[in-house]
Amino acid sequence: MPPSDMRALRTLCRPRPPATSPRSRRPWRQTASNAAFSHRSFPAWFVRGGTSNGLVIRRQDLPPEDEWPSVLPSAMGSPDPDFGRQLNGMGSGQSSTSKVVVLGAPSRAGADVDYTFVQVGIRDGALDKAGNCGNMSAIVGPAAWDQGLVGPDTVSAPVETDRRGRRWATVRVFNTNTSKLVVSRFRVSGSPARYTPEGEYVMDGVPGAGSVVTLSFVDPAGAKTGRALPTGAPVDTLRLPGGSRVRASLVDVGNPGVFVSTHGLGLDRVAASALTPAAIEADAALKARLEQIRRAGAAEMGLDPDVESVPKIVLLFPGGDTPDGVDIRCVAMSMGQAHKAVPLTLALCLGASARIPGTLAADLVAARLGGMRDDAVTIAHPSGKLDVGTEVEDGKIFEKMGF
């Protein structure tokens, strides 16, 4: 979590090396990854949100949005086409660590602050604003509070004190990527009240313990397509290049997801049980097929298949490969990489899918438990597990999760 002060992030111009590098003795050539950066600085926080990290920046400290491509990629160390490590910036070569959140004044009634999520392409430096990030959403309320964008006199809900004397702030944050409202609740202390990062909450995939941030997603269905089931069907049959077909559930809650079962991919139990993120990364043929499925699902959902961030594809495992105390096990792909935990918006989508009759997730949970879940769904991912609380009221979905 961030310190209380903001740090200036600076990108500096580097001198051009001589025509021949003394280390490699090969002619030096200028590429997108080693081009000179512009002299520009701005205040930013480097933060962790859930199982991701990245930068939080105030919109007022950035140039107009159409100029962000000249600033944000170099801040993260992109583009890095040759090595994909982002050594010149704050990224670290993983989709979950190449993220930016931009905070701004609320654009509509009922919200205390706006935020825009930006996924920065590691190798090409492209800025993708197609979807939201649940992990980074967790830091929006605390960051907006400590940066003075909101406070006790400006938020829609007052600071509350619980029975243990702890104080809690509630901030209503509006995500501009999906036009959805998220209610963030977190601990504050001191005078003036500041976000309290210390606590006892443990999140799988994150070392140590910290203060819990609870996010309530208000009617997250149809974030990009307008419907929880974009095609109207709980299961669709996707046609792939070469004539093969695969059954998939196309669900849009929080962010759109393409859900397929390992059984539907033709994998037996032994092969499925070996599908760790590392194993998937080492299997070029499997990754290529998953990308084909993702693109076919995107087309069926009315989305652009060339946009990598949405939809994402999620592998679901049969009940026999699910640990005790867990309702369903998954491995997700994010920006072409096997995720080492799970994107939180995809966990939200999977939790909701498990409550929608007829989807692959609902059928897997029902087969394991002997019926539908009517409360929180426990999801296993490569780094542990998490609970997604899902409620359906008057046809609307409401979800809650701790970070």
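Student: Which residue in β14 does valine 253 stand opposite?
Tutor: This is a predicted model, in which local features need pLDDT of at least 70, side-chain atom pairs count only at pLDDT 80 or more, and totals for chains, interfaces and linings use all residues. Residues are numbered from 1 along each chain as its sequence is written, and side-chain values use heavy atoms, with hydrogens and water left out. Strands (E, at least two residues) and helices (H or I, at least four) are DSSP runs numbered from the N terminus. In β14, the residue opposite valine 253 is asparagine 255.

Student: How many bridges join β13 to β14?
Tutor: Two strands pair if DSSP finds at least two bridges between them. Strand β14 covers residues 255-261 and runs antiparallel to β13. The number of bridges joining β13 to β14 is five.

Student: Which glycine takes a positive phi in the hairpin of β13 and β14?
Tutor: This hairpin has one residue between the strands. The positive phi there is near 85 degrees, and the residue that takes it is glycine 254.

Student: What is the bridge partner of leucine 238 in β13?
Tutor: Strands β12 and β13 run antiparallel and are joined by four bridges. Their hairpin has five residues between the strands, with glycine 242 at a positive phi near 95 degrees. The partner of leucine 238 in β13 is valine 246.

Student: Is serine 244 buried, partly exposed or exposed?
Tutor: Serine 244 lies in the loop between β12 (236-239) and β13 (245-253). Leaving aside neighbours within four places in sequence, serine 244 is in contact (heavy atoms within 4.5 Å) with Leu238 and Arg239. Buried means under 20% relative accessible area, exposed over 50%, and partly exposed in between, with a 1.4 Å probe and protein chains only. With a relative accessible area of 33%, serine 244 is partly exposed.

Student: Which residue of β18 is the bridge partner of isoleucine 328?
Tutor: Strand β16 (residues 328-334) runs parallel to β18, and two bridges join them. Five of the five residues of β18 (residues 377-381) are buried. Both faces are covered, with Val377, Ile379 and His381 on one side and Thr378 and Ala380 on the other. The bridge partner of isoleucine 328 is isoleucine 379.

Student: What value does phi of methionine 335 take?
Tutor: Most residues other than glycine have a negative phi, and most peptide bonds are trans. Methionine 335 is placed in the loop between β16 and β17 (337-338), and at 18% relative accessibility this methionine counts as buried. Its phi is positive, near 55 degrees.

Student: What is the relative accessibility of glutamine 86?
Tutor: Glutamine 86 is found in the loop between α1 and β4. Its phi is near 55 degrees, a positive value in a residue other than glycine. Glutamine 86 counts as buried because its relative accessibility is 0%.

Student: Which proline does a cis peptide bond join to serine 78?
Tutor: The omega of this bond is about 0 degrees. The proline is found in the loop between α1 (72-76) and β4 (99-104). The residue joined to serine 78 is proline 79.

Student: What is omega for the peptide bond from valine 310 to proline 311?
Tutor: Proline 311 has its place in the loop between α6 (284-300) and β15 (312-316). The bond from valine 310 is cis, with omega near -10 degrees.

Student: How many disulfides does a search of the whole structure find?
Tutor: A disulfide is a pair of cysteine sulfur atoms within 2.5 Å. Cysteine 133 counts as buried at 5% relative accessibility, and cysteine 330 at 2%. The number of disulfides found is zero.
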